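I opened the model to note its overall build, its sheet and the surroundings of its ligand. The entries follow in the order in which I looked things up.

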Amino acid sequence: MFIGGIAGMERVISHDVNPPYLSLLTGPPGSMKTSFALSIISNHLRRTGGFGLYCTVEETVDSLLKTCNSMGLELPPNLQITDLTELRKENEAMDYLKFTRRMIQHFKQERGEQFSVFILDSLGAIYSLTKVDEEMRKKMFGFFDFLRNQGLYTFIITERQSGEFAELQGNEGFIADGIINLGLDRRNGKIVRTMQVEKMRHIRHSMEKQAIDISPGGVTVLGPLFD
Ligand SMILES: Nc1ncnc2c1ncn2[C@@H]1O[C@H](COP(=O)(O)OP(=O)(O)O)[C@@H](O)[C@H]1O
Ligand SMILES: [Mg+2]
């Protein structure tokens, strides 16, 4: 998944992870969370022939396609992008988590083991549409549990400013198997894009900040950044 999904990732982790595996993809706006997610899911599906579901709450499908075009990334045909931005307009009071759960169950039934990757872009957008109280936190816990039980590689995108912990409203940071933080760093008068693996259960990984960039296969890890 990670190795083969993101070029250069073999410099960061010793070997790959097995599903179910739930990772948080965090970072401030513009840190390429969406680009990273699109790269990893496209490359993985193209390599394995599996089926993937990308659920977008922030951006329209059209906007995602533009991102892919600009990266020179071709989306595989077995990738389903579901646009919740439309639903958001139609039904203010809808239960997004329940809806997403049903959608995943539907594709599990239809595709079985082929269905291997799910991406939610983003959790913050769902929180912003719902009242966040104790009830919601419980629901979110249940949702993460549900995702793990589906045997999927899951990526949950969440916005996060540098220096903040990876918990938004609840216990996402504890529940997740992995936390990958993307960011922007100033070095020698230049801004460098960075990726740092903060947590990755079951495997040995580098904790160093890595420089990343876009190359024809999407987001690519260039190598560690030194102070
Ligand atoms: N082809 C490209 N090459 C390099 N950088 C790009 C390219 N296309 C977009 N970007 C950068 O990616 C950023 C947006 O990335 P995105 O994945 O939407 O971020 P996020 O989801 O974290 O908000 C833009 O601000 C721009 O700096
Ligand atoms: Mg985004």
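I count two residues as in contact if their C-beta atoms, placed from the backbone, lie within 7 Å. On that basis I looked at contacts between residues at least 6 apart in sequence, and 72% of them join residues at least 24 apart. I note that this is a predicted model.

Overall build. I find 7 helices and 9 strands in the chain. The radius of gyration is 17 Å, close to the 17 Å from the globule rule for 227 residues, so the chain is as compact as a globular protein of that length. Along the principal axes, the C-alpha atoms fill a box of roughly 50 × 40 × 35 Å. I also looked up burial: 38% of the 227 residues count as buried.

Sheet. I traced 9 strands in an open sheet with mixed pairing, ordered E3-E2-E4-E5-E1-E6-E7-E8-E9. E3 (79–83) and E9 (218–224) are the edge strands with a single partner each, so one side of each has no neighbour in the sheet. From one strand to the next the twist averages 25 degrees. I then checked helix H4 (residues 96–111), which lies across E2 (51–56), E3 and E4 (115–121) and runs at about 165 degrees to E2.

Strand E8. E8 (residues 210–215) runs antiparallel to E9, joined by 6 bridges. Ile214 stands opposite Val219 in E9.

Ligand 1. I list Ile214 again here, among the residues around ligand 1, which also include Lys33, Thr34, Thr67 and Met71. Helix H1 (33–48) and helix H2 (61–71) each supply at least two residues of this shell. By class I get 4 nonpolar, 7 polar and 1 charged residues.

Note on methods:
Residues are numbered from 1 along each chain as its sequence is written. Chains are lettered from A and ligands numbered from 1 in the order in which they are written. This is a predicted model: local features need pLDDT of at least 70, side-chain atom pairs count only at pLDDT 80 or more; totals for chains, interfaces and linings use all residues. A residue is near a molecule or strand if its C-beta atom, placed from the backbone, lies within 6 Å of it. Helices (H or I, at least four residues) and strands (E, at least two) are DSSP runs, numbered from the N terminus. Ala, Val, Leu, Ile, Met, Phe, Trp, Tyr, Cys and Pro count as nonpolar, Asp, Glu, Lys and Arg as charged, and the others, Gly among them, as polar. The radius of gyration is taken over C-alpha atoms; the globule rule is 2.2 Å times the number of residues to the power 0.38. A residue is buried if 20 or more other C-beta atoms lie within 10 Å of its own, exposed if 12 or fewer, and partly exposed in between; C-beta atoms are placed from the backbone. Two strands pair if DSSP finds at least two bridges between them. Axes are lines fitted to C-alpha atoms, for helices over the stretch in contact, and angles run from 0 to 180 degrees between N-to-C directions.
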